[in-house]
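Here is a short report on the fold shown below. Please read it with the model open.

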Amino acid sequence: MSLVRLNIKGISYSQTQNGAYALILNEVDGDRKLPIVIGAFEAQSIAIALEKEIKPPRPLTHDLFKNFCERFDIVVKQVIIHKLVDGVFYSSLICERDKIEEIIDARTSDAIALALRFNAPIFTYKNILDKAGIYLKGESEPMSQTPGSEDAQVDDIIPDVVESQETNYKTMSLDELETLLSQAVKNEDYEKAARLRDEISKRK
């Protein structure tokens with residue numbers, strides 16, 4: 001089976017599942033998106049890894065894992081989303097130490113959080129993308145979805161909650177945004193911190 005490389009398009013809040021987020025992966029050589037429902041903690045961990053300028057006061061669990069790996073010369077080479085069963089994605093970490101390769105089972109959200117920290121590529125198999133991949137509204141293809149992958153759509157991906165928060169940020173001064181950013185990092189709310197950092201960056 002052929003592998004398809006994926007990039008991270010973004011994270012959005014799921015309005016269908018309380019406390020859940022949608023991680024949106026995009027095929028590198030195509031327009032299909034692979035939405036994966038993840039928890040709030042994993043969403044924050046991925047958000048902080050995407051936003052390089054935000055440094056948490058303490059290492060997150062995935063940062064600790066990376067530090068542990070580096071101490072013992074273990075490298076995460078790539079992540080493969082290899083199975084989809086009843087709306088749940090299964091992934092593997094391909095790791096290497098002393099030129100010996102090992103495959104480790106992992107939740108997809110954890111695997112991607114680690115892939116970001118190791119700058120490792122993310123792949124899935126073509127048949128998984130054919131089954132669960134969608135086109136977002138407003139793009140070159142209509143929104144499509146195969147039966148049995150209801151969890152994948154996640155409310156058209158772009159939530160009203162995030163849009164309203166970003167609108168509020170635009171009315172704030174730079175000092176207010178910096179204060180909110182400091183509070184968000186202190187409270188370890190890294191997804192909010194990433195959005196605040198984006199708004200601050202636009203003004204500088």
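## Basis

Two strands count as paired if DSSP finds at least two bridges between them. The strands themselves are DSSP runs of E with at least two residues, numbered from the N terminus. On that basis, V4 has T124 of β7 as its bridge partner. The model is predicted.

## Overall make-up

The protein holds 8 helices and 7 strands. It has 204 residues, and 44% of them count as buried. Among contacts with a separation of 6 or more, 53% join residues 24 or more positions apart.

## The sheet

The 7 strands form an open sheet with mixed pairing. Their order is β3-β2-β1-β7-β4-β5-β6. The edges belong to β3 (33–39) and β6 (100–107). Each has a single partner strand, so one side of each lacks a neighbour in the sheet. From one strand to the next, the twist averages 35 degrees.

Strand β1 (residues 3–13) and strand β7 (residues 122–125) run antiparallel, joined by 4 bridges. A hairpin of 5 residues connects β2 to β3. Y21 has its bridge partner, I38, in β3.

Helix α1 (residues 40–50) lies across β3. The helix also lies across β1, β2 (20–27) and β6. Its direction makes about 120 degrees with β3.

Which residues of helix α2 (residues 61–71) are buried? They are H62, D63, K66 and C69. These residues cover an arc of only 125 degrees around the axis, which puts them on the same side of α2.

The face turned away from the buried side carries the exposed residues T61, L64, F68 and R71. Just after α2, D73 takes a positive phi of about 55 degrees.

F68 is on the exposed face of α2. F72 is partly exposed, with a relative accessible area of 40%.

K66, one of the buried residues of α2, lies over the face of F118. The distance to the ring centre is 5.7 Å.

## K83 in strand β4

K83 belongs to strand β4 (residues 75–85). Is K83 buried, partly exposed or exposed? Its relative accessible area is 38%, so K83 counts as partly exposed.

K83 lies over the face of Y90, at 4.7 Å from the ring centre. Beyond its neighbours within four places in sequence, K83 is in contact with V88, F89, Y90 and I128. The C-alpha atoms of K83 and T124 are separated by 8.5 Å, although these residues are 41 residues apart along the chain.

Definitions and conventions: Residues numbered from 1 in each chain as written. Predicted model: local features only at pLDDT ≥ 70, side-chain atom pairs only at ≥ 80, totals over all residues. Heavy atoms only, no water. Buried < 20%, exposed > 50% of the residue type's maximum accessible area, 1.4 Å probe, protein only. Lys NZ or Arg CZ within 6 Å of the ring centre and 35° of its normal. Axes fitted to C-alpha atoms, helices over the stretch in contact; angles between N-to-C directions. Contact = heavy atoms within 4.5 Å. Arc of directions from axis to C-beta.
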